[in-house]
Amino acid sequence: FRVHGPGADVFPLRGPVLVVANHACWMDPMLLGKVLPRTLIPMMTSNFFDLPGIRWLMIHLAQAIRVAASTFRREVPELAEAVRRLDEGRCVVMFPEGWMRRREQMPLRHFGQGIWRILQERPQTPVVVCWIEGNWGSYFSWKDGPPMKNKKFDLRRPIDIVIGEPHTLPPEVLEDQLATRGRLMRECLALRRELGLEEVQTPAATAEAE
């Protein structure tokens with residue numbers, strides 16, 4: 001694990017924090033947990049949360065927030081639960097893409113509305129944006145097929161994590177959900193420069209279903 005970025009030495013050690021990151025493998029919450037100096041509360045889709053043997057760990061050890069895997073829902077109780085955890089002073093981890101990376105040429109999918117809804121409720125929450133590199137192509141990623149298929153089980157894989165500085169978003173940005181989503185997406189992609197990676201065009205922050 002190699003840590004980079006301006007936020008590595010100034011990560012908030014107490015109080016509510018919302019960590020936002022790209023998502024390319026099942027193990028991303030654990031990868032972040034290796035380098036961030038807090039107990040993390042990950043928001044995990046039911047596709048992973050409900051796996052045999054995983055559910056117990058998610059509930060009793062990780063205290064994760066279950067996110068139902070659905071393209072459209074009127075009720076989103078997981079967002080209220082995330083706000084409740086922030087009110088408790090916890091560090092919540094969110095992968096705003098709403099799914100794991102599927103394609104080589106698309107390292108980041110547009111962010112969903114969930115991140116904006118949480119920040120609408122708690123606009124003073126510090127946000128820390130991270131970029132995880134080295135997770136794509138791992139045994140638990142979708143490269144060349146679903147996780148754990150068509151790939152060798154890898155225990156030793158170089159992982160680089162870039163940590164941005166904690167910050168709150170300006171009120172004028174939070175007024176608009178597309179502006180909020182686009183701002184955080186650009187911040188996430190910009191962290192790749194710390195690793196000398198090629199620039200990637202920001203995906204369009206549309207109102208497409210999460």
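Predicted model: local features only at pLDDT ≥ 70, side-chain atom pairs only at ≥ 80, totals over all residues.
Residues are numbered from 1 along each chain as its sequence is written, and side-chain values use heavy atoms, with hydrogens and water left out.

On to the overall layout. The chain has seven helices and seven strands, where helices (H or I, at least four residues) and strands (E, at least two) are DSSP runs numbered from the N terminus. Read from the N terminus, the order is β-β-α-β-α-α-β-α-β-α-β-β-α-α. Of the 210 residues in the chain, 46% are buried, with buried meaning under 20% relative accessible area, exposed over 50%, and partly exposed in between (1.4 Å probe, protein chains only). Among contacts (heavy atoms within 4.5 Å) between residues at least 6 apart in sequence, 70% join residues at least 24 apart.

Salt bridges come next, and there are 10 of them in the structure. The term covers a side-chain nitrogen of Lys or Arg within 4 Å of a carboxyl oxygen of Asp or Glu. One of them pairs Asp160 with Arg2, with the closest N and O atoms 2.9 Å apart. Asp160 sits in strand E7 (residues 160-163) and Arg2 in strand E1 (residues 2-4), so this pair ties together parts that are 158 residues apart in sequence. Asp160 is buried at 12% relative accessibility, whereas Arg2 is partly exposed at 45%.

Glu121 also forms a salt bridge, with Arg122, at 3.9 Å between the closest N and O atoms. Arg122 is partly exposed, its relative accessible area being 29%. In helix H7 (residues 177-190), Glu187 and Arg183 are four residues apart, about one turn of the helix, and their side chains meet in a salt bridge at 3.1 Å, N to O. Arg183 counts as partly exposed, at 26% relative accessibility.

Helix H5 (residues 114-121) packs with H7 at an angle of about 110 degrees, their axes 9 Å apart; axes are lines fitted to C-alpha atoms, for helices over the stretch in contact, and angles run from 0 to 180 degrees between N-to-C directions. The two helices are therefore roughly perpendicular, the label for 65 to 115 degrees, with under 35 roughly parallel, over 145 roughly antiparallel and the rest oblique. On the H5 side, Ile115, Trp116 and Leu119 make the contact, and on the H7 side Gln177, Thr180, Arg181 and Leu184 do.

Gly33, found in helix H1 (residues 28-35), is partly exposed at 39% relative accessibility. Its C-alpha atom lies 9.8 Å from that of Val93, 60 residues apart along the chain. Ala190 belongs to helix H7 and is partly exposed at 27%. Ala190 and Cys130 are 60 residues apart in sequence, with 9.9 Å between their C-alpha atoms.
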